[in-house]
Amino acid sequence: MNAIVSIRNLTKTYANGFQALKGVNLDIIEGEILALLGPNGAGKTTLISIICGLVNPGDGQVLVAGHDVVREFRKTRELIGLVPQELTTDQFETVWNTVSFSRGLHGKKSNPELIESILKSLSLWEKRNNMLRELSGGMKRRVLIAKALAHEPKVLFLDEPTAGVDVALRRDMWRVVEKLRANGVTIILTTHYIEEAEEIADRVGVINGGELLLVEEKTALMRKLGRKQLSLELTTPITLIPDSLGSFNLLLSADGSCLTYEYDGNGEQGRIAGLLSMLSAENIQFRDISTRQSSLEDIFVALLEDAK
């Protein structure tokens, strides 16, 4: 697998002494969707801004398709599209002109058919002749996405693209993202909506305090770090867990009506059969059984707690 973005030992310290990035190493694979998760101030936006050429790095190197983002700025910027968090648009320009102008800024020839296709895919076609000041916040966010796509980038950064927007836009945007990925575009997104990352990302990176805690394939991450929970609703409440069940580290609910067993799923399934047999031997009957697996959000919160 080829890395379209390669980051080596990247650091960034601002003039006030704040160290935003601390020796970040990361390869972003061509054609993948990578979700970067982290709390506010973790370094996500600084990392994206350096790759996009908006912020100068400290030490280290960033390559986009083999081109250095500092020495070959024009070439790398041509390859990258960015949807920023902020709604920065010319309020007195039309949607059509704004998106078309963005394509021209990157030295691309006029392509009305492409602009039309982008606007239609983002449900902006009916608003093409409206000035931006006439649009809602959600519509302005769609325009930012259209601008980022206008020059046909190979790498697309989405920095909190769905923050504060309606559900319809999220659905539209994820449809566009899937289509772009199918066409070979590499997509990196930061989001506070972890369920979105869980649904759409191929790999997940967790960043905190300027350090990249991990980057791993999503399903492998959830399999390795995710916990499973078995809940047994008892027919008759109990007051104490028998000593014979002590090795299972069971949790008894306050009213004695439910037993909970947590396990990691790696080779422990066999113990569940043993647990059920021992419950029967202790004459503890249950009327319902349910299981739950940790979500990506659970894993994310646990990783941040461990990093403290």
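A crossing of two helices is called left-handed if the near helix is turned anticlockwise from the far one by less than a right angle, and right-handed if clockwise. With that in hand, let us walk through the structure. This is a predicted model, in which local features need pLDDT of at least 70 and side-chain atom pairs count only at pLDDT 80 or more, while totals for chains, interfaces and linings use all residues. Residues are numbered from 1 along each chain as its sequence is written, and side-chain values use heavy atoms, with hydrogens and water left out.

Let us start with the sheets. Helices (H or I, at least four residues) and strands (E, at least two) are DSSP runs numbered from the N terminus, and two strands pair if DSSP finds at least two bridges between them. Axes here are lines fitted to C-alpha atoms, for helices over the stretch in contact, and angles run from 0 to 180 degrees between N-to-C directions. Within this sheet, S7 (residues 155–159) and S8 (residues 186–190) run parallel and are joined by 5 bridges; Asp-159 has Thr-190 in S8 as its bridge partner. Contact means heavy atoms within 4.5 Å.

The other sheet to visit is open too, with 4 strands in the order S2-S1-S4-S5 and antiparallel pairing. Strands S2 (19–29) and S5 (67–68) stand at its edges with a single partner strand each, so one side of each has no neighbour in the sheet. S4 (residues 61–64) runs antiparallel to S5, and 2 bridges join them. Helix H1 (residues 44–51) packs on this sheet, touching S1 (3–13), S2 and S4, and its direction makes about 120° with that of S1.

Now for the helices. Two packed helices are described by the angle between their axes and the distance between the axes. For H3 and H5 the angle is about 30° and the axes are 7 Å apart. H3 and H5 are therefore roughly parallel, a term for angles under 35 degrees, with over 145 counting as roughly antiparallel, 65 to 115 as roughly perpendicular and the rest as oblique. Their crossing is right-handed. Val-95, Thr-98, Val-99 and Ser-102 of H3 meet Val-143, Ala-146 and Lys-147 of H5.

H5 also packs against H6 (residues 167–182), at an angle of about 10° and with the axes 10 Å apart. H5 and H6 are therefore roughly parallel as well. Among the residues in contact are Ile-145 and Leu-149 of H5 and Val-176 and Leu-180 of H6.

H3 (residues 95–105) has H4 (residues 112–121) as a further partner: their axes come within 11 Å and cross at roughly 120°. The pair is therefore oblique, and H3 passes H4 in a right-handed crossing. Trp-96 of H3 is one of the residues in this contact.

Which two residues form an edge-to-face aromatic pair? They are Trp-96 and Trp-125, 6.1 Å centre to centre with 70° between the planes. Rings of Phe, Tyr and Trp (its six-membered ring) pair if their centres lie within 6.5 Å, and planes under 30 degrees apart count as stacked, over 60 as edge-to-face and the rest as tilted. Trp-96 lies in H3 and Trp-125 in the loop between H4 and H5, 29 residues apart.
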